[in-house]
Amino acid sequence: MTWTMAPERFDSPDAALLRRDYYDEVASRYWKRPATAEEIDEGLTDDGAERLAPPTGAFVVGRFEGAAAACAGFLVVEAGVAELTRVFVRPRARGTGGGGLLLATVESLARALGVRQIRLDTRNDLVEARGLYAKHGYREVPAFHHGPYAEHWFAKEL
């Protein structure tokens, strides 16, 4: 069981499908019902993903045994600070170490762009995500914004 991680354009075929699966999962969990194709399309429209490329950020695709299975991105929000976003591992690849490798890859790319702190927000229902962040050195911090889907805030010094 092997993983490879690499930066990739947010709109490559594999990245686009991963972003769609990510949105499907987080929207479905939030609404407590399956998200419709129209809702997923709407969520992906003008979602700012184009900024997940140097010099403002990056997008990473993880491949498990050769198949696209994970993604994450970061966006530089101010000098030395980036926000982690769109962290997703497909269910069949969970528990194989991909989440930690994904975070390490994103952190390395962020450091290369001068980022000293990476932060994120998440929701109550994304328990697995909160566990992943805590396991990899992210600590809960006071709210740094008040978005409609933010219930927990984390940060890590790089």
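## Arg19 and its partner

Arg19 is buried, at 9% relative accessible area. This is a predicted model, and in it Arg19 pairs up with Asp47 in a salt bridge, with 3.0 Å between the closest N and O atoms. The two come from distant parts of the chain, 28 residues apart: Arg19 belongs to helix H1, while Asp47 sits in the loop between helix H2 (37-44) and E2. Asp47 has a relative accessible area of 23%, so it counts as partly exposed.

## Other salt bridges

In total, the structure has 15 salt bridges. One of them joins the side chains of Glu8 and Arg63, at 3.0 Å from N to O.

Arg139 is partly exposed, at 42% relative accessible area. Then there's a network of salt bridges that ties together Glu25, Arg29, Arg94 and Glu128.

## Around Phe144

Phe144 is found in the loop that runs between strand E6 (139-140) and strand E7 (152-157). Its relative accessibility is 24%, which means it's partly exposed. Setting aside neighbours within four places in sequence, Phe144 touches Glu83, Arg119, Leu120, Asp121, Trp153 and Phe154. As for Phe154, ten residues along the chain from Phe144, the C-alpha atoms of the two are 9.4 Å apart.

Terms used
Residues are numbered from 1 along each chain as its sequence is written. This is a predicted model: local features need pLDDT of at least 70, side-chain atom pairs count only at pLDDT 80 or more; totals for chains, interfaces and linings use all residues. Side-chain values use heavy atoms; hydrogens and water are left out. Helices (H or I, at least four residues) and strands (E, at least two) are DSSP runs, numbered from the N terminus. Buried means under 20% relative accessible area, exposed over 50%, partly exposed in between (1.4 Å probe, protein chains only). Contact means heavy atoms within 4.5 Å. A salt bridge is a side-chain nitrogen of Lys or Arg within 4 Å of a carboxyl oxygen of Asp or Glu.
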